[in-house]
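Please look over the sequence and the model below before reading on. The text then walks through the chains and their helices.

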Amino acid sequence: MTELKTYFKFIFVFGICMASVSLFFQWYTFQAFSWEGEQVVLWEFHLFLGWTTPFSSEAWFNTAYQPENIPFPLIINFIYLGIMILSLYAGLAINLEDASQLKKAKKYGYIHLSTLLLSAYYICIVPVYFFLFQELYFPYLIFSDPEFIVIHYTVSQGYWLQFFAFGCIFPYTLYFAITTTRFERAPKPLEQKISEILKNVQIPIDFHQLIAEERIELENEGLPALYDTKDKNIFEQFLRQRERP
Amino acid sequence: MKEPLIDLQLKHLTQLCIATQNYSKLGSVVSILISNRLDEIGIKLGIKPREKDNGESMAAYMEMINRILHNNFGLTLFSPTLHEKVRYNEAVITRRSKPLDCNHIEITRNLIQCYYELRKLDVPNLYQTISSEEIIEIPNVKVLSFLSKGRAKEKNGMKGITPLVLQKIRDEERNAERQLQNHYDPELFERTLQLKTIRKSFQNQKSGKITIEGSLKDNINYMRTKERLMQYLLIGWILALCMLGAVVLTQSILFPATAFGVSPYLLVIFGPCALLILLYRYYSNSGGDYTL
């Protein structure tokens with residue numbers, strides 16, 4: 001069963017890497033071909049760079065068909081990348097089965113969920129609000145234009161990588177979040193807790209050292225017995241009077 | 001350190017110190033033992049430890065414990081004789097610049113007596129956590145335990161009867177306190193502290209999380225969570241496909257002209273989605289659990 005969890009952890013890490021990489025790939029391709037099959041328009045949308053084209057600006061047909069600029073907020077990309085780095089750290093560094101890390105893991109559980117929600121945002125919200133509203137169709141459509149060109153609307157690798165990443169991230173994220181919210185570590189046993197506090201508070205006594213010191217002193221003084229008659233009486237009086245519990 | 005071991009070592013050290021006439025060392029060691037015992041008593045009662053660095057004397061600390069217990073339970077833990085003895089001997093030990101000699105043997109003896117008198121005090125532990133099972137043991141509340149049938153019923157039932165239980169506990173507490181004021185009984189004192197803890201635990205009821213001790217791996221509930229990883233995988237893909245389908249459907253609504261063109265995609269998306277739902281149901285049935 002541990003192996004199953006390890007597999008899913010691996011899938012999760014793979015998913016996070018895939019989701020990170022997806023942000024740097026192109027997300028949408030808008031291209032047009034003449035009736036002869038020659039490519040006359042090619043625009044690719046990158047989340048960081050916006051619309052790019054391999055054609056030069058002199059290619060007037062390509063320039064004329066440039067899609068409208070998509071007002072995608074760049075800050076979301078950076079937030080998403082930051083959260084994914086934290087998620088990756090949590091996925092690799094935190095062992096949930098070590099109960100002592102449960103409290104710490106709970107915070108990372110929320111980070112995992114944020115990653116998942118942002119992934120869902122890229123899969124569901126981005127195409128609707130940033131592509132469809134710009135009349136960029138989804139996921140793949142071909143239109144024949146009256147100007148005798150064929151237009152291809154295609155969602156590109158970036159989107160599909162994000163889509164597959166969601167499927168990979170989801171199981172471990174849910175497992176992580178459920179485990180951290182359902183379980184909590186029991187407080188330390190009472191005796192252990194008390195003895196820890198006492199250890200910090202009480203003054204330690206090294207009886208062995210004290211006894212050894214007295215023994216050495218006794219030997220140095222050259223006393224023949226452990227205690228003489230007078231002291232023996234005192235000691236016996238001690239034993240009589242000290243009232244053992 | 002265990003008490004029998006301390007006794008043995010203290011006995012040995014006493015013999016040697018008497019032989020070498022090093023009463024100062026014996027006095028210091030016993031003073032430390034008394035200080036440690038007082039700390040233990042204080043901590044078990046939920047009182048702050050003695051502030052040695054700020055020069056708080058053992059006698060002052062004993063006085064503080066007595067005052068707190070008197071205010072809360074109306075009892076005096078340390079007898080005036082014991083308190084006075086500790087105060088006098090402590091003062092002699094700490095204020096004397098010269099080492100103790102044979103004439104101060106009485107002081108050392110008194111200190112040892114004080115230590116063993118403190119050892120005789122059986123102080124209950126305030127930090128003892130109370131489990132629901134223990135509630136049944138308390139007289140007068142026993143009758144209420146039959147309400148706890150099923151988890152949901154228990155939750156709702158307990159919510160309803162909590163004020164009643166609290167009232168019963170409070171009455172028990174008052175009775176115990178009244179008895180304690182008449183004479184000190186360690187068992188009764190322990191019961192009073194226990195009642196106080198139960199009352200507090202009722203007042204601060206937790207969120208109902210599963211509490212684990214040791215490793216998560218050994219927990220049966222955790223094992224079940226792990227077994228559901230396959231189901232989570234299926235749910236993840238179902239959700240991903242649903243999101244994709246939702247985008248395509250939105251497009252069909254916004255641009256009806258594209259509806260015909262995207263209809264094969266809807267089949268490609270919702271077909272596997274339906275299959276995954278069936279697979280999820282199959283997994284759930286085989287696991288005997290439909291819920292997440």
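Predicted model: local features only at pLDDT ≥ 70, side-chain atom pairs only at ≥ 80, totals over all residues.

Residues are numbered from 1 along each chain as its sequence is written, and chains are lettered from A and ligands numbered from 1 in the order in which they are written.

Start with chain A. It has 8 helices and 6 strands. Helices (H or I, at least four residues) and strands (E, at least two) are DSSP runs, numbered from the N terminus. From that end, the order in chain A is α-β-β-β-α-α-α-β-β-α-β-α-α-α. Chain A has 245 residues, of which 29% count as buried. A residue is buried if 20 or more other C-beta atoms lie within 10 Å of its own, exposed if 12 or fewer, and partly exposed in between; the C-beta atoms are placed from the backbone. Contacts are also counted from C-beta atoms placed from the backbone: two residues are in contact if these lie within 7 Å. Of the contacts in chain A with a separation of 6 or more, 67% join residues 24 or more positions apart.

Chain B holds 11 helices and 1 strand. Its pattern along the sequence is α-α-α-α-α-α-α-α-β-α-α-α. Among its 292 residues, 27% are buried. Residues 24 or more positions apart make 60% of the chain B contacts with a separation of 6 or more.

Now take helix H3 of chain A, residues 74-93. Its 20 residues should span 28 Å at 1.5 Å a residue, and its end C-alpha atoms are 29 Å apart, which agrees. The expected span is 1.5 Å times one less than the number of residues. Which residues of H3(A) are buried? They are A:Tyr80, A:Ile83, A:Met84, A:Ser87, A:Ala90 and A:Gly91. These residues cover an arc of only 120° around the axis, so they sit on the same side of H3(A). The arc is that of the directions from the helix axis to the C-beta atoms. The face turned away from the buried side carries exposed residues: A:Leu74, A:Ile75, A:Phe78, A:Gly82, A:Leu92 and A:Ala93.

Helix H4 of chain B (residues 80-95) can be read in the same way. It has 16 residues and reaches 22 Å from its first C-alpha to its last, close to the 22 Å expected at 1.5 Å a residue. B:Val86, B:Asn89 and B:Glu90 are its buried residues. Their arc is only 105° around the axis, which puts them on the same side of H4(B). What covers them includes H2, H3 and helix H5 (105-120) of chain B. On the face turned away, B:Pro80, B:Thr81, B:Glu84, B:Ala91 and B:Arg95 are exposed.

Next come the helix pairs. Two packed helices are described by the angle between their axes and the distance between the axes. Axes are lines fitted to C-alpha atoms, for helices over the stretch in contact, and angles run from 0 to 180 degrees between N-to-C directions. In chain B, helix H2 (residues 23-44) and helix H3 (residues 58-73) pack at about 20°, with axes 11 Å apart. That makes H2(B) roughly parallel to H3(B). Angles under 35 degrees count as roughly parallel, over 145 as roughly antiparallel, 65 to 115 as roughly perpendicular and the rest as oblique. H2(B) gives B:Ile34, B:Ser35, B:Leu38, B:Ile41 and B:Gly42 to the contact, and H3(B) gives B:Met58, B:Tyr61, B:Met62 and B:Ile65.

Another pair joins the two chains. Helix H4 of chain A (residues 102-131) packs with helix H10 of chain B (residues 229-254) at an angle of about 5°, with axes 9 Å apart. H4(A) and H10(B) are therefore roughly parallel to each other. From H4(A), A:Ala120, A:Ile123, A:Cys124, A:Pro127 and A:Val128 meet B:Ala240, B:Met243, B:Leu244, B:Ala246, B:Val247 and B:Thr250 in H10(B).

H4 of chain A also holds A:Leu116. This leucine counts as buried because it has 23 C-beta neighbours inside 10 Å. A:Leu116 touches A:Ile169, A:Phe170 and A:Thr173, not counting residues up to four places away in sequence.

Finally, look at the loop between H4 and strand S4 (140-145) of chain A, where A:Pro139 lies. A cis peptide bond joins A:Phe138 to A:Pro139, with omega about -15°.
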